[in-house]
Amino acid sequence: MERSLKYFSKILCALIFASTHVTLGQGNCLMYPEDSGERLACELSYRGVTYRQGSAPSQLLFDKAIELGPNYAYAYYEKSVPYFKRGMLAEGVKLINKAIELEPENYLTYRAYWYFSHHSFEACIADLERFYFELNVPLMSTPGGDFEMRMLLALSYAQTGRRQKAIELVEFGLANYESMGYFISPYDYHVMGMLYYHNNQMEEAIAAFKRQIEINNRLADTYYYLGLVHMSLGDAATASTYLLGSLDRFDGK
């Protein structure tokens with residue numbers, strides 16, 4: 001189980017980090033009193049994001065923003081981003097920790113998905129449980145908008161042996177996203193089916209994977225898992241059909 005879950009975690013990371021270019025909203029500087037530290041820090045941060053991310057001019061502007069407005073969380077967040085992307089995790093975490101101290105509802109999820117990407121699943125769980133169950137924030141997308149963060153929490157539960165808890169969380173999301181004004185992503189039912197499979201709920205897994213194919217029929221892993229499900233049920237012929245379908249999609253056909 002752990003091997004295949006780790007494999008899918010890598011795929012998921014590739015999907016959600018492909019667009020980490022998307023930044024969290026900075027907000028309107030006019031909401032802060034004129035000449036206040038926060039107002040000056042906000043204005044400097046707007047200048048900072050006009051430069052290439054991680055460049056010297058950008059980082060120097062965020063340094064100045066932090067100096068003038070030490071309680072302006074966004075400057076810490078923006079300064080942290082290039083550190084995370086370049087693998088300088090200690091520096092990135094130190095900065096994002098300060099942003100979280102000031103505005104946990106806005107920045108906990110950013111730290112959580114970096115924890116997830118580096119397989120620090122317990123740390124990811126701690127951040128997302130605080131986000132959903134203590135701060136009661138209803139929804140949050142990954143930075144590129146590909147998933148809702150419950151998917152990362154569920155996969156982190158599964159990676160740490162809490163399969164049933166993972167299943168219940170994804171079931172909740174799939175049952176409630178529409179009423180919450182959210183969307184079903186092109187991969188959510190694959191996550192659901194994979195969790196059912198590893199929990200030996202084969203009929204539920206088949207239903208989830210078939211629903212996934214209705215939404216997105218180009219994901220090779222869905223066909224691969226359907227092959228595994230039918231193989232476990234003793235249906236070698238159907239398993240072979242799905243496994244060949246998986247190979248076709250890996251070949252780009």
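This is a predicted model: local features need pLDDT of at least 70, side-chain atom pairs count only at pLDDT 80 or more; totals for chains, interfaces and linings use all residues.
1. A search of the whole structure turns up one disulfide. The partners are C29 and C42, with an S to S distance of 2.0 Å. C29 sits in the loop between α1 (2–17) and α2 (37–48), while C42 belongs to helix α2, so the bond ties together parts that are 13 residues apart in sequence.

2. While you have that link on screen, look along the S-S bond. The angle about it is -80°, and the link of C29 and C42 is left-handed. Both of these cysteines are buried.

3. Another cysteine to look up is C124. This residue counts as buried because its relative accessibility is 0%, and the cut-off for buried is under 20%.

4. Next, turn to helix α10, which covers residues 188–198. Of its 11 residues, 11 are buried, so the helix is largely enclosed by the rest of the structure. Among the buried residues are D188, H190 and H198, along with Y189, Y196 and Y197. G193 is buried as well, and so are M192 and M194.

5. N200 follows α10 and has a positive phi, near 60°.

Notes
Residues are numbered from 1 along each chain as its sequence is written. Side-chain values use heavy atoms; hydrogens and water are left out. A disulfide is a pair of cysteine sulfur atoms within 2.5 Å. Helices (H or I, at least four residues) and strands (E, at least two) are DSSP runs, numbered from the N terminus. Buried means under 20% relative accessible area, exposed over 50%, partly exposed in between (1.4 Å probe, protein chains only).
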